[in-house]
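I set out below what I looked up in this structure, entry by entry. I begin with the backbone and go on to the overall layout, the helix packing and the aromatic rings.

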Amino acid sequence: VRYRISSIDPNLLTDDIIRFVAQSTKFAHHFHIPLQSGSDELLKLMKRKYDTSLFKYKIDFIKSLMPYAFIGVDVMVGVRGETIELFQESVDFIKSLDVSQLHVFTYSERAGTKALNIPFIVPMAERKRRNAILQEVSDEKLMTFYAMNRGRKEIVLWEDSKDKKVMSGFSSNYIKVDAPYNADAINTFFFFFI
């Protein structure tokens with residue numbers, strides 16, 4: 001049995017939870033943590049219950065105990081109030097983090113939300129441009145994460161395939177790998193060199 005931590009706000013991800021995952025044989029070294037913005041000013045506008053210093057602390061603490069852990073991060077671009085300076089502040093902060101991948105979302109207005117009262121509106125073309133910038137940052141971080149794991153032995157859970165020629169599976173730190181199909185391996189765990 002393998003469990004993964006998914007979408008837990010940094011203020012709810014306690015040090016005890018991180019320590020528990022690090023010592024557990026059941027919990028994967030995999031986290032998905034919403035950041036939304038790397039600008040404290042924007043985090044306040046979004047009414048988030050954390051700031052960048054807490055977020056950085058949590059990432060650093062995870063990596064100190066689990067250096068090969070996969071950390072996915074949600075980020076939103078083009079929110080109301082996100083000036084070019086605040087966007088750049090966010091990009092710089094995100095680049096400084098030892099995370100594995102970004103899930104980048106483009107802000108869209110929702111009727112009835114308090115965000116509609118924020119005066120600075122980012123044009124849609126600029127929102128898309130900012131999304132593309134952070135997608136590039138994400139690609140770089142993912143390639144770095146893969147490179148640091150290359151050659152490591154990890155436990156992989158193997159999944160069935162339709163063509164029965166190649167099977168795929170995920171390591172505990174969320175790296176997808178392929179191997180020649182082996183019916184006896186499907187739905188089992190075994191070590192594999194990444």
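Entry 1: I looked up Lys47 and found it exposed, with a relative accessible area of 66%. The model I am reading is predicted. Lys47 sits in the loop between helix H2 (40-45) and helix H3 (52-65). Its phi is positive, about 65 degrees, although Lys47 is not a glycine. I noted this because most residues other than glycine have a negative phi.

I then turned to Lys164, which also has a positive phi without being a glycine, here of about 60 degrees. I located Lys164 in the loop between strand E4 (153-159) and strand E5 (166-171). Its relative accessibility is 42%, so Lys164 counts as partly exposed.

**Entry 2: overall layout.** I counted 5 helices and 7 strands in the protein. Read from the N terminus, the order of elements is α-β-α-α-β-α-β-α-β-β-β-β. The C-alpha atoms fill a box of roughly 60 × 40 × 30 Å along the principal axes. I recorded that 43% of the 194 residues count as buried. Of the contacts with a separation of 6 or more, 68% are between residues 24 or more positions apart.

I also looked up Lys44, which is found in helix H2. Lys44 is exposed, at a relative accessible area of 65%. From Lys44 to Lys176 I noted 36 Å in space, C-alpha to C-alpha, and 132 residues in sequence.

**Entry 3: helix packing.** I asked how the axes of helix H4 and helix H5 cross. For helix H4 (residues 84-96) and helix H5 (residues 124-149), the axes come within 11 Å and cross at roughly 10 degrees. Angles under 35 degrees count as roughly parallel, and H4 and H5 are therefore roughly parallel to each other. On the H4 side I listed Ile84, Phe87, Val91, Ile94 and Lys95 as making the contact. On the H5 side the contact is made by Glu126, Arg129, Arg130, Ile133, Leu134, Val137 and Lys141. I noted the composition of this contact of H4 with H5 as 7 nonpolar residues, 5 charged and no polar.

**Entry 4: aromatic pairs.** I found 9 aromatic pairs in the structure. One of them joins Trp158 and Phe192, with 5.1 Å centre to centre and 80 degrees between the planes, and is edge-to-face. This pair links distant parts of the chain, for Trp158 lies in strand E4 and Phe192 in strand E7 (residues 189-193), 34 residues apart.

**Entry 5: charges over rings.** I asked which residue lies over the face of Tyr68. Arg152 does, at 3.7 Å from the ring centre. Lys153 lies over the face of Phe191, at 5.1 Å from the ring centre.

Methods: Residues numbered from 1 in each chain as written. Predicted model: local features only at pLDDT ≥ 70, side-chain atom pairs only at ≥ 80, totals over all residues. Heavy atoms only, no water. Helix = DSSP H or I, 4+ residues; strand = E, 2+ residues; numbered from the N terminus. Buried < 20%, exposed > 50% of the residue type's maximum accessible area, 1.4 Å probe, protein only. Axes fitted to C-alpha atoms, helices over the stretch in contact; angles between N-to-C directions. Parallel < 35°, antiparallel > 145°, perpendicular 65-115°, else oblique. Contact = heavy atoms within 4.5 Å. Nonpolar A, V, L, I, M, F, W, Y, C, P; charged D, E, K, R; others polar. Phe/Tyr/Trp six-rings, centres within 6.5 Å; stacked < 30°, edge-to-face > 60°. Lys NZ or Arg CZ within 6 Å of the ring centre and 35° of its normal.
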